[in-house]
Amino acid sequence: MTTTHTATVGQAPEAVDARVPLRRLVPLSAQHVLAMIAAPVSTVFLVAGTLKLPPGATASLLSAVLLLCGAGALLQSLGVWRIGGRLPFVMLPGGAATALFLQIAQEHGAPTAAGSVLLAAALLLAVLPLYARVVRLFPPLVMGVTVLLIGIAMIRVAARLVTGPDGTGAPRAVLLAALTVATTVAAYVLLRGVWRQTAVLIGMAVGTVVAVTTGLGSFAPAAGSGFALPAFLPFGTPRFDLVAALPLLVFSLATLAEITGQTVLNSETVGRSPAPQRDVPRVARADALVSLAGGLFGTSLMVTSAENIGIGRLTGVRSRFVTAGAGALLIALGLATPVSRALAGIPEAVVGGSALVVYAVIAVMGVEMLRRADLSGTGTGSLTAALALTVGLLPLLSPDLYAGFPGWARTILGSGVVAGTLTAVLLTALLSRFRSPAVPLGSRDGG
């Protein structure tokens with residue numbers, strides 16, 4: 001049964017459980033869609049470009065992602081039993097999770113990547129009774145290392161969309177990607193409000209227009225029209241490999257720390273007293289269930305996002321029914337195949353340029369998380385971060401470093417994200433016991 005929460009004293013009439021008239025609900029919900037639509041679109045085209053999917057498969061995958069985003073927003077906003085936080089959340093394909101999905105797909109095949117998503121979502125559901133213990137393993141230092149390594153690894157993948165698999169980029173492809181990046185930056189700097197949040201989409205649109213009008217690229221939408229459901233099991237029967245799935249398994253546990261922060265922030269924003277022990281498992285259950293569906297339709301893990309909170313602050317409308325309306329609009333977009341099939345024709349170099357911006361931002365998010373950790377020279381945090389980043393960057397800088405190791409070891413150590421995260425977790429647990437004042441690294445005694 002849905003629980004009704006009362007707003008705090010002084011809260012505006014549009015509190016978290018307030019109903020919004022339809023004439024206001026539609027434009028307010030559309031604002032949320034505009035603010036978040038760039039993430040699923042750019043993510044799908046990164047996946048399609050990396051896996052060399054044909055336009056029809058790209059359109060089907062985009063339909064699946066939009067449908068899942070809509071279903072996730074409805075589930076988180078309205079809640080069913082103990083599933084969903086009943087907060088104004090939207091759901092997106094996780095950028096970092098997509099990076100790991102692509103890494104697994106490239107190394108072990110797309111069916112294994114799909115199976116890894118199912119395993120990671122199931123693990124998230126399984127550990128929720130141990131939420132309080134698991135979340136302590138991923139303080140800001142560990143999360144910062146993880147996200148920074150993911151961003152760096154994916155910048156390399158995004159660059160390959162521009163250069164091609166051989167790493168040698170045609171000048172026109174590099175130019176088209178550069179124009180896309182420049183347009184994205186200009187839109188972000190010059191625009192305001194919701195339009196600023198669609199800077200990535202604007203960059204992709206301008207890049208596509210430039211490609212068509214100048215001959216730097218081509219626009220080839222997929223054939224088809226009307227309404228249709230996305231393809232079920234687009235990569236075939238999922239393959240389950242625990243060792244190959246390890247990057248996503250570790251990441252699914254790490255998301256509990258992020259979910260906790262977003263849930264507390266959202267609760268405070270709408271005037272509800274934060275209750276992480278109650279609300280975080282509900283939010284995580286919705287994430288896991290939608291991700292299970294995502295694994296069956298070819299997507300990576302789906303994650304709840306708090307990036308739309310800014311719209312609530314801007315408009316003064318904190319109602320969860322507005323984000324539920326956004327979910328309904330996303331489902332309609334997902335079923336409208338002309339939209340997804342048209343978007344599937346965006347040139348690969350344009351997608352690569354947009355992806356460079358998206359994943360560079362993810363890397364910076366990792367830096368911001370590390371700033372919240374204690375990296376002072378007299379503690380163990382700086383040493384932990386330094387060693388974890390070294391272990392995580394080695395596979396990128398020296399890809400053949402572990403070539404002579406057994407297969408399972410190459411899978412674990414060869415994934416910079418997994419190796420770096422596990423190193424950060426272990427060193428945090430071990431070195432946190434030594435908190436006595438120490439001589440900063442690089443200093444001299446008596447100096």
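**Salt bridges, an enclosed helix and a nonpolar surface patch**

A search of the whole structure, which is a predicted model, finds 2 salt bridges. Side chains of opposite charge can pair when their charged atoms come close. In one of these salt bridges, D279 is joined to R278, with the closest N and O atoms 2.7 Å apart; D279 is buried, at 1% relative accessibility, whereas R278 is partly exposed, with a relative accessible area of 33%. In the other, the side chains of R239 and D241 meet at 3.8 Å, N to O. Here R239 is partly exposed, its relative accessible area being 44%, and D241 also counts as partly exposed, at 21% relative accessibility, since buried means under 20%.

Helix α4 comprises the 14 residues 95-108, which at 1.5 Å a residue should span 20 Å, and the distance of 20 Å between its end C-alpha atoms agrees with this expectation. Because 10 of its 14 residues are buried, α4 is largely enclosed by the rest of the structure; among these buried residues are L100, F101, L102 and I104, together with T98 and Q103. The helix is followed by G109, for which phi is positive, near 100 degrees.

On the surface, a nonpolar patch is formed by V185, Y188, V189, L190, L191 and W195, which together have about 630 Å² of accessible area. Helix α8, covering residues 171-190, gives the most to this patch, with 4 residues. W195, another member of the patch, lies in helix α9, residues 193-197, and is exposed, with a relative accessible area of 53%.

Terms used: Residues numbered from 1 in each chain as written. Predicted model: local features only at pLDDT ≥ 70, side-chain atom pairs only at ≥ 80, totals over all residues. Heavy atoms only, no water. Helix = DSSP H or I, 4+ residues; strand = E, 2+ residues; numbered from the N terminus. Expected span 1.5 Å × (residues − 1). Buried < 20%, exposed > 50% of the residue type's maximum accessible area, 1.4 Å probe, protein only. Patch = residues over 30% accessible without salt bridge, like charges linked within 9 Å, V, L, I, M, F, W, Y side chains within 5 Å. Areas by Shrake-Rupley, 256 points an atom, 1.4 Å probe, with all protein chains shown as cover. Salt bridge = Lys/Arg side-chain N within 4 Å of Asp/Glu carboxyl O.
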